Amino acid sequence: MNMAEPMGFYTDTTVCIGCKACEVACKEWNQLPSTNGGQNTLSGDSYDNTRRLDGLHWRHVKFVEQFTEDRGEGRWLLMSDVCKHCVQAACLEVCPTNAIIRTEFDTVVIQSDACNGCRDCITACPFGVIDINPVSGTAQKCTLCYDRLQTGMEPACSKACPTDSIQFGTISDLRGRAQKRVEQLQQGGEKRAYLYGADEKMLGGLNSFFLLVDKPEVYGLPPDPKMPTRNLVPGTLFSMLGAVLVGLIGIFNFRNRGARAREETRL
Amino acid sequence: MNGIPSSTYFTAPPDWGWLIVFYFFFGGLAGGCYFIAVLIDFFGRPEDRPLARLGYLISFPCLIISGILLTVDLYRPERFWHMLIESNTFQPMFKYWSPMSVGSWSLLIFGLFSFLSFLSALADSGRITWSGARRLRPPGTIGGIISIIGGLFAFYVAGYTGVLLAVTNRPIWSDSPLLGMLFVISAASISAALMILLAERNRWTMPGIADLHRMDVWVLALELIVLIAFLISLGPVFRAWFSVWGVVLLLGVVVLGMLVPLSLSWRRQWLGGLNATATAALVLIGGFILRMAIVLGAEAV
């Protein structure tokens, strides 16, 4: 596979206006069907009626409302969420059918024809991105418009974004742009601005990273996402210890009496 | 973290429900019964041989049920073979770092050994007339090799499900490395309990039943200790059990499935002749509820 330069998204949440053009563009390009026969149910407590990423929603504009009790002061935090295309991808790591692959653009794609719907990737993704598409019966998520990338086109969501909240490009270029934006915001008084997932510390780097102005958990993002295999060696060793203890208990209970019986038979 | 105890709270539930609960239960029985049968074959008395035979006879059908449950639980069951053969290249599909991948192969390989031991048990009990089948279990060399390799895979099948849950990012499951150990020990306790129940039903009186009962009490005590260690190891995530599933775990597993059977074993006169049967039945029920609470409890977070 000829590796192109790693590509991804940089999402500047401070300029998102919650128009959901990205959600619509994603649905349209990827031919993702509507839910509930086209009659969407309302959440009833927010303009966010998509609510979460799943097999039919590969983009999700989060509406975080931060208001005082009397609603005298407040702010909206808006963030277009998507698969993070992690450099160390938990979903890819655990997938037992190799349905999840890393592309030449360093993005992570689920091959629907290989997936058998075991859902191990859903449990592994630290961001809750993946879910089953009820139409195909397979796990699905954002492909970073792999088909568009292969023909030199920009992903549908970033193309549709009217405020450039979602920016597409090479990771090195995006990181440079994002760092400048953080500095600009901080000089302008927004001292809370920082980048989430832009460096290698988080799962080797997120190829879809974010500029945030509050703690990650406020946006529904884990502060410290980890790889699932962290438990593989200790879990296996403890299991072996369990088997040894059970074996010893069994041997202790059967051996003494069995040996005595064999001795008596011999006599 | 705004009152959120762990980064695992940001994941999505995989919708592993009742089929998986039953799979974990039957998989535990398949592995546990085989493991105990091998122990009896190697270390038990000659007159306990029917008890070991019973273990092999339980193991294989339970494994078949497990395989069916696991396949039906897939959203695309017709693609179950993708776990073993890579569908794009038709090369063997194996990832040693993915418990689900290793588990799929283990179920297949254990199935072969379990089937051979099942045949030998059928021949031993006179249900099939092929005399060669008797050589497929100890004390012969071929039987010994089959039992040892089968026993190792039996242990893996009994415990890998706990490691599989730990190798995720879900709350409870991935917040402790002790689930595999808990499942291995629980597999032994429920398997011993089922073998005691069936032996009692057949009105068998061989001395191995008392040994098995004694073993089950020890294993159950160990299981209680490991369950407590598991709950402590969850740290701040322990509060995920402040729900209906916590009540189920406490009453269904700790009280009904562990403390009551341990008490019944300690005070044998309480239920008279029914004591051993009641103890085994409660251990079996407690083992099922343990898997139910662990799987569905984390699903509900």
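Two residues are taken to be in contact if their C-beta atoms, placed from the backbone, lie within 7 Å. By that criterion, in this predicted model, 57 residues of chain A are in contact with 58 residues of chain B.

**The side of chain A that touches chain B**

Four elements of chain A each supply at least two residues of this side: α2 (90-94), α3 (120-124), β6 (131-133) and α7 (232-266). Of these, α7(A) gives the most, with 21 residues. By residue class, the side of chain A that touches chain B divides into 28 nonpolar, 19 polar and 10 charged residues.

**Domains and the nonpolar core**

Chain A is assigned domain 1 (7-225) and domain 2 (229-266). The C-alpha centres of these two domains of chain A lie 49 Å apart.

In soluble globular proteins, nonpolar side chains tend to be buried together. Here the largest nonpolar core has 166 residues. Cys91(A), Cys121(A), Cys33(B), Val184(B) and Met195(B) are the residues with the most contacts inside this core. Helix α1 (residues 18-43) of chain B gives the most to the core, with 18 residues. Domain 1 (7-225) and domain 2 (229-266) of chain A each supply at least three residues of the core.

What does Cys91(A) contact, leaving aside its neighbours within four places in sequence? The residues are Ile100(A), Val108(A), Cys121(A), Ala124(A), Cys125(A) and Ile130(A).

**The sheet of chain A**

An open sheet of four strands in chain A has the order β8-β1-β10-β9, with mixed pairing. Its edge strands, each pairing on one side only, are β8 (166-170) and β9 (194-196) of chain A. From one strand to the next the twist averages 25°. β9(A) pairs with β10 (residues 208-212) of chain A in the antiparallel sense, over three bridges. Leu195(A) has Leu211(A), in β10(A), as its bridge partner. Helix α6 (residues 171-187) of chain A packs on the sheet and touches β1, β8, β9 and β10 of chain A. The direction of α6(A) makes about 135° with that of β8(A).

**Individual residues**

| Residue | Burial | Other C-beta atoms within 10 Å |
|---|---|---|
| Val129(A) | Val129(A) is buried | 27 C-beta atoms |
| Lys20(A) | Lys20(A) is buried | 22 C-beta atoms |
| Arg119(A) | Arg119(A) is buried | 24 C-beta atoms |

Val129(A) is found in the loop between α3 and β6 of chain A. Leaving aside its neighbours within four places in sequence, Val129(A) is in contact with Leu53(A), Cys83(A) and Lys141(A). Val129(A) and Arg59(A) are 70 residues apart in sequence, and their C-alpha atoms are 9.5 Å apart in space. Val129(A) counts as buried because 27 other C-beta atoms lie within 10 Å, and the cut-off is 20 or more.

Lys20(A) has a phi near 65°, a positive value in a residue other than glycine. Lys20(A) is placed in the loop between β1 (7-12) and α1 (21-29) of chain A. Arg119(A), also not a glycine, has a positive phi of about 75°. Its place is the loop between β5 (108-110) and α3 of chain A.

In chain B, Leu259(B) is found in helix α7 (residues 244-266). Leu259(B) and Leu224(B) are 35 residues apart in sequence and 8.6 Å apart in space, C-alpha to C-alpha.

Note on methods
Residues numbered from 1 in each chain as written. Chains lettered and ligands numbered in written order. Predicted model: local features only at pLDDT ≥ 70, side-chain atom pairs only at ≥ 80, totals over all residues. Nonpolar A, V, L, I, M, F, W, Y, C, P; charged D, E, K, R; others polar. Buried ≥ 20, exposed ≤ 12 C-beta atoms within 10 Å, placed from the backbone. Core = buried A, V, L, I, M, F, W, Y, C linked by C-beta atoms within 7 Å. Domains from an automatic or database assignment. Pairing = 2+ DSSP bridges. Axes fitted to C-alpha atoms, helices over the stretch in contact; angles between N-to-C directions.
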